[in-house]
Amino acid sequence: MHAGHEQLFRRRFFVSTALSIPVLLYSETLQEWLGFSVPAFPGSEWINPVFAVVVFAYGGVPFLRMAVPELNDRAPGMMTLISMAISVAFVYSLASVFFPTQSAFFWELVTLIDIMLLGHWIEMRSVRRASSAVDELAKLMPDTAERIIEDGDSAGRSPADGRTQSGDTEEVPVSELSEGDLVLVRPGASVPADGVVEAGDSDVEESMITGESKPVSKEPGDEVIGGTINGDGSLRVRVGATGEETTLAGIMRLVEEAQQSKSKTQVLADRAAGWLFYVAVAAAGVTAIAWTVAISFNATVIERVVTVLVIACPHALGLAIPLVVAINTSLAARNGMLVRDRIAMEEARNLDAIIFDKTGTLTEGEHGVVDMATVDGVAEDAALALAAAVESDSEHMIARAIREAAEERDLTVPDATGFEAIKGRGVRATVDVSGFAGGPLDESGGGDEVYVGGPNLLTQLDREVPDHLRQFADEAGQNAHTVVYLVREGELVAAFAMADVVREESYRVVDALHDLGIEVAMLTGDSRDVAAAVADELGIDTVFAEVLPEDKDKKVQELQDQGKLVGMVGDGVNDAPALTRADVGIAIGSGTDVAVQSADVILVQNNPMDVVRLVKLSKASYRKMQENIVWAAGYNVFAIPLAAGVLAPIGILLSPAIGALLMSLSTVIVAVNAQLLRRVDLSLPDRPEATPRNVDG
């Protein structure tokens, strides 16, 4: 739409400007002002009215047409005011042809239309450029893909028919790809759909989707995102999502939602534009009455009324907020921030506190078993193998760490059945230890009920921790290790210390948020000792430890009850209630987690630094909105009285053309000021002393 309007106004501006030149040259007023003359010839007196009528019909009528919907909706605005101004000027100028005693201002009419066309062209071009984020994203997806023809493929062909062989490829439109298809992605080609690498190694450029500055290494088992660019290697990708289900499609939907949504400031600007119409009509009426009383009704009265209506056009005000919003949205998208709620984006500048989920956000989330302790008579290898059996069906990071530790020791893991995840506490399963050569644990035979979990699990099971395991847990807590326990048949038999790594970015994030005057809180289900150690390491202000998932939103409420505006940063799944409760919910995760419905803002990368960028962009955008509203609305506060002629006693009067020039100048200033938002610095200062490390130091 914006592109079409841009071309319309551009074309009509140039044609109308060319047609206006004869009007300007044969204007007696301009000849007198500028001290020049042009040759007269029979019929030259008709140059001004004829060319002015053509300019009005070609360049002015579009404004009249666009005013019709406003009038039909009984919501007069910018187009209505412009139409009123040029219509009054046009009618008055034509009347002057038949009433020679009245002075015509055809040159003012054509320049008024030219300047209006120029202003709208600039506006449409700016908005079109700022709103091109979705179009640019759409261009990332290739039109075709190389689908690998496998045995018994969907086309009904097989190696036996003599036409194809397994492994051959066929070029098909991307729209024809289905989940489960295997595609070949050659070096330098775009990935046609979301999927998982089945064969090949390569580096994939994902910056256009995730904002990741460096190519990401991909190997079998890794996920790839449709629209990203393959590097030097060749990949075979099993399609997992196509069409509207892809990450890119999700990003495009979010960008469109953000561009169409309105912030509080934009709503205020829209209302101000409506109010301005009535102010302008009232001011024009008062101007007409006052000047008629003062000097009687004549051309000067009409000129004053026209000038008031021109000056009052809410052109700049209508552009002030939408342009900033469009630039903000596209700028955020290019930096890996997808805004679903404009109001939340605007509120981010006022946040008093931001709560971070610890694991995977402030820390790497990659645990490893660094130590263990068992009760008397239980071998470490046996305890670890039993824990690995219970965790065999879990995808939790602690489960992976335990399984990896068992693999490193080359342990035989017994079979487990009846796996159950206990939300916020741990897991349980029935383990078959019969014939298991795992030391004393295999004495009873049969299936044992085994639990693995943290302190909350022991609370639920009402189990006391033996003294030496308690001492082990205390020492682990002092080193900021996470401790999980192994419970077999109701008896606590072992404890494992898990180490996590504080992310390098977390140091800078906390420092940067403190510099912005924002309190930093951390929320975790880990023990208080572990949480306190991480908080001390990073300089975090408030710690919520041993919090169950269903209680996370209550911690957000605690800070809100203190009168604070709270932001919550989580993964958008387990933290959904807290994200919804927060004043600004921020989902942070991988590029494939963009469709998080509980968050107001989605950070495509799993990078906490983007939270700081979000706050800085919010502050910068709101500042631009304020500046534009002050200029656009404040300009009218001074311009309307001036156009009405309050300074006429001292010889200062504005013609309609000068009024149009000033109005369009305000529009250009607003547009340029909004474009300056692109120069906002979203980087964070380096912190050389911050290096990745285990949180135990």
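**Figure 1. Strand E4 pairs with strand E7 (residues 223-224) in the antiparallel sense over two bridges.** Gly195 has Val224 as its bridge partner in E7. E4 (residues 194-199) also pairs with strand E9 (residues 235-241), again in the antiparallel sense, over five bridges. Asp194 of this pairing has Ala241 as its bridge partner in E9. Strands (E, at least two residues) and helices (H or I, at least four) are DSSP runs numbered from the N terminus, and two strands count as paired if DSSP finds at least two bridges between them. The model is predicted: local features need pLDDT of at least 70 and side-chain atom pairs count only at pLDDT 80 or more, whereas totals for chains, interfaces and linings use all residues. Residues are numbered from 1 along each chain as its sequence is written, and side-chain values use heavy atoms, with hydrogens and water left out.

**Figure 2. An open sheet of three strands has the order E6-E5-E8, with antiparallel pairing.** Strands E6 (216-218) and E8 (229-230) are the edge strands, each pairing on one side only. Strand E5 (residues 202-205) is joined to E6 by three bridges. Val204 stands opposite Val216 of E6.

**Figure 3. A salt bridge joins the side chains of Arg409 and Glu380, at 3.8 Å from N to O.** A salt bridge requires a side-chain nitrogen of Lys or Arg within 4 Å of a carboxyl oxygen of Asp or Glu. This pair links distant parts of the chain, 29 residues apart: Arg409 belongs to the loop between helix H15 (397-408) and strand E13 (415-422), and Glu380 to helix H14 (residues 380-390). Arg409 is partly exposed because its relative accessibility is 38%, and Glu380 is likewise partly exposed, with a relative accessible area of 34%. Buried denotes under 20% relative accessible area, exposed over 50%, and partly exposed the range in between (1.4 Å probe, protein chains only). The count of salt bridges comes to 18.

**Figure 4. Helix H18 (residues 504-515) has Ser506, Tyr507, Arg508, Val509, Val510, Ala512 and Leu513 as its buried residues.** Glu505 forms a salt bridge with Arg503, their closest N and O atoms being 3.5 Å apart. Arg503 counts as buried because its relative accessibility is 7%. Just after H18, Gly517 takes a positive phi of about 80°.

**Figure 5. Trp631, Ile658, Leu662, Leu665 and Ile669 form a nonpolar surface patch.** Together, these residues have about 400 Å² of accessible area, computed by the Shrake-Rupley method with a 1.4 Å probe; for residues, only the protein chains shown count as cover. Patch residues have over 30% relative accessible area and no salt bridge; like charges are joined within 9 Å, and nonpolar side chains (Val, Leu, Ile, Met, Phe, Trp, Tyr) within 5 Å. Helix H23 (residues 656-675) supplies the largest share, four residues. Ile658 lies in H23 and is partly exposed, at 35% relative accessibility.

**Figure 6. Among the elements of the protein, mean pLDDT is lowest in strand E24 (residues 693-694), at 44, and highest in strand E19 (residues 519-523), at 94.** Over residues 435-444 the pLDDT is below 50, and this stretch has 17 contacts beyond near neighbours in sequence. Residues 688-697 also stay under 50, with 22 contacts beyond four places in sequence. Here pLDDT is the predictor's confidence in each residue, from 0 to 100, and a contact means heavy atoms within 4.5 Å. Where pLDDT is low, the predicted coordinates should not be read in detail.
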